Amino acid sequence: MGRPRPALARRLQPADRRLDGPPPELGTLLPAALTYHRLREGAFAPTVAPLVDLFRARWTGPEPREPAAAEVAEARALVGAGAIRASRRRVRLARRGTALT
């Protein structure tokens, strides 16, 4: 038995990167996170998952290492709250590869 998958991972439609009918908590949290992102002038980014995943993969592999600068640049290009469209009824990620954490 594996870890339970969060609602976003379970129900996000890969073809159009959207989640219809998010759980109430997620529908409330994401708009608040986006507001905080704007207030902090980008210092808080709910889309850092590509960077987290990259570092986790490189540090926990058979030969742990730092990610290459090009890998980090590629992951950073996917980070940015501007790719998120969120309401209590729907969450949509505008860029392929963007993910939430």
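Reply: Happy to! The protein has four helices and three strands, where helices are DSSP runs of H or I with at least four residues and strands are runs of E with at least two, numbered from the N terminus. Read from the N terminus, the elements follow the order α-β-α-α-α-β-β. Please keep in mind that this is a predicted model, in which local features need pLDDT of at least 70 and side-chain atom pairs count only at pLDDT 80 or more, while totals for chains, interfaces and linings use all residues. Residues are numbered from 1 along each chain as its sequence is written, and side-chain values use heavy atoms, with hydrogens and water left out.

Now to the helix pair. Helix H3 covers residues 49–60 and helix H4 residues 69–76, and their axes come within 8 Å of each other, crossing at roughly 150 degrees. Here the axes are lines fitted to C-alpha atoms, for helices over the stretch in contact, and angles run from 0 to 180 degrees between N-to-C directions. H3 and H4 are therefore roughly antiparallel, given that angles over 145 degrees count as roughly antiparallel, under 35 as roughly parallel, 65 to 115 as roughly perpendicular and the rest as oblique. The crossing of H3 and H4 is right-handed, which is to say that the near helix is turned clockwise from the far one by less than a right angle, anticlockwise being left-handed.

On the H3 side, the contact (heavy atoms within 4.5 Å) is made by Pro 50, Leu 51, Leu 54, Phe 55 and Arg 58, and on the H4 side by Glu 71, Val 72, Ala 75 and Arg 76. These residues divide into six nonpolar, no polar and three charged; Ala, Val, Leu, Ile, Met, Phe, Trp, Tyr, Cys and Pro count as nonpolar, Asp, Glu, Lys and Arg as charged, and the others, Gly among them, as polar.

Thr 47 is buried, at 0% relative accessibility; buried means under 20% relative accessible area, exposed over 50% and partly exposed in between, with a 1.4 Å probe and protein chains only. Setting aside neighbours within four places in sequence, Thr 47 is in contact with Leu 78, Val 79, Gly 80, Ala 81, Ile 84, Thr 98, Ala 99 and Leu 100.

His 37 sits in helix H2, residues 24–39, and is buried at 16% relative accessible area. Arg 38, also in H2, is exposed at 56%, and its C-alpha atom is 9.9 Å from that of Gly 82, 44 residues away along the chain.

Leu 30 is another residue of H2, buried at 5%. Beyond four places in sequence, Leu 30 touches Ala 86, Val 91 and Leu 100; Leu 30 and Leu 100 are 70 residues apart in sequence, yet 9.6 Å apart from C-alpha to C-alpha.

For the whole protein, buried residues make up 28% of the 101 residues. Among contacts with a separation of 6 or more, 54% join residues 24 or more positions apart.
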